[in-house]
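Good morning, colleagues. I would like to take a few minutes to present one structure to the group.

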Amino acid sequence: MTLENRIQSLIAQNEALGKFVSCTQLSGAGSSRQYFRVTTTTGSYIACNGTNIDENKAFLYFANHFKQAHLPVPRIFAQEKPEPWLYIIEDFGDTDLLTYKQNCNEKQVETLYQQALTDLQKFQIQGTNDLDYSRCFNRSQFDEVAIKWDFYYFKYYYLKLTPLECSDQQLENDCNTLINFLLRAPRSYCMYRDFQARNILVHENSLRYIDFQGAMQGALQYDVVSLLYQAKANLSAAQRERLLSFYIEQLPRSTYTSTCEFRELYEGFIFIRILQTLGAYGYRGFIQRKQHFIESIAPALENLKLQSEKMNMLISIPYLNSCIQQLPVLTIC
């Protein structure tokens, strides 16, 4: 059976979706998942053809869980059974926050980001209620193992792709120092994992959220960093500070011991997130030759070098900091 026939079959399983008219494949991003806009006699929907069953199951579980918590995520209309290779979800359009903000002034951008941060706290705090973390994809908690995975993503998909020669043992020593620092943060919250502007859609004057299949239990700071330090978002230091202050002011006081400690740990999560994203840009851009990831390398590396110097004043990571300061921008000839 062809993919289009499978989509038609799923549409037919739910009478409320109407009758199939057509489907058009949408451009992908970083993953191997295929997305299609499906037009029917009642409207349009998104069909997702995923190649990783465990990842698909995680997405479907989190989508239903977050929807029950009244969070703005897509509704699931149909899925293949028993193995959900293909599923049909609500269509929130094509305009993500990163694109939308290009036509907004600074005040409008900050208002949108404040709304995103307000919604984020709902995912993090309300979203964790009755959440079964055994249903997570890859890892159930952002613990020592998950942090090492992020560090190794940077090490093997960026650092090792450059001509720079480094000592694996000294890198490991500094990585362990970083892990011990990050593990000071409470990790009892729902961590969205990839809370960045490309995964936030502007639909009917509201924000909608997608690509949360990597969610796990973790610290509050990580998702805030993911949004405010997205390389291509180009938020100024002043904007980031105002938005961070807004986020902290909205938090229930029971979620952190002191603003000072929250901010200090926040610096560490900036560091590990930029390391991880630079590894992703190296893999998706330099290895897989995906252009928008290549374009993100230079600003991400600049952010990393600045943050590495800050971290070296908070914890002792001299060797890692030295390596980062010498890193070149990976380019494709």
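This is a predicted model: local features need pLDDT of at least 70, side-chain atom pairs count only at pLDDT 80 or more; totals for chains, interfaces and linings use all residues.

Five strands form an open sheet in the order β1-β2-β3-β5-β4, and their pairing is antiparallel. Two strands stand at the edges, namely β1, residues 20–26, and β4, residues 76–79; each has a single partner strand, so one side of each is left without a neighbour in the sheet. On average, neighbouring strands of this sheet are turned by 25 degrees against each other, with direction ignored.

Within the sheet, I draw your attention to one pair. Strand β2, residues 34–40, is joined to strand β3, residues 44–49, over six bridges in the antiparallel sense. Opposite Y35 stands C48 in β3.

Next, the helix. Helix α1, residues 3–12, lies across β1, β2, β3, β4 and β5.

I turn now to the second largest pocket, which holds about 300 Å³ of space. Which residues lie nearest its centre? They are Y229, A237, R240, Q307 and K310, out of 14 residues that line this pocket. Helices α8 (237–250), α9 (259–287) and α10 (291–314) each supply at least two residues of that lining. The largest share comes from α10, with five residues. By class, the lining comprises six nonpolar, two polar and six charged residues.

Thank you for your attention.

Methods:
Residues are numbered from 1 along each chain as its sequence is written. Side-chain values use heavy atoms; hydrogens and water are left out. Two strands pair if DSSP finds at least two bridges between them. Helices (H or I, at least four residues) and strands (E, at least two) are DSSP runs, numbered from the N terminus. Axes are lines fitted to C-alpha atoms, for helices over the stretch in contact, and angles run from 0 to 180 degrees between N-to-C directions. Contact means heavy atoms within 4.5 Å. On a 1 Å grid over the protein atoms alone, a cavity is a set of points where a 1.4 Å probe fits but cannot get out, and a pocket is an open set with protein on both sides within 12 Å along at least five of seven lines; lining residues have an atom within 4 Å of a point. Grid points are joined across faces, edges and corners, and a volume is the space filled by probe spheres set on the points. Ala, Val, Leu, Ile, Met, Phe, Trp, Tyr, Cys and Pro count as nonpolar, Asp, Glu, Lys and Arg as charged, and the others, Gly among them, as polar.
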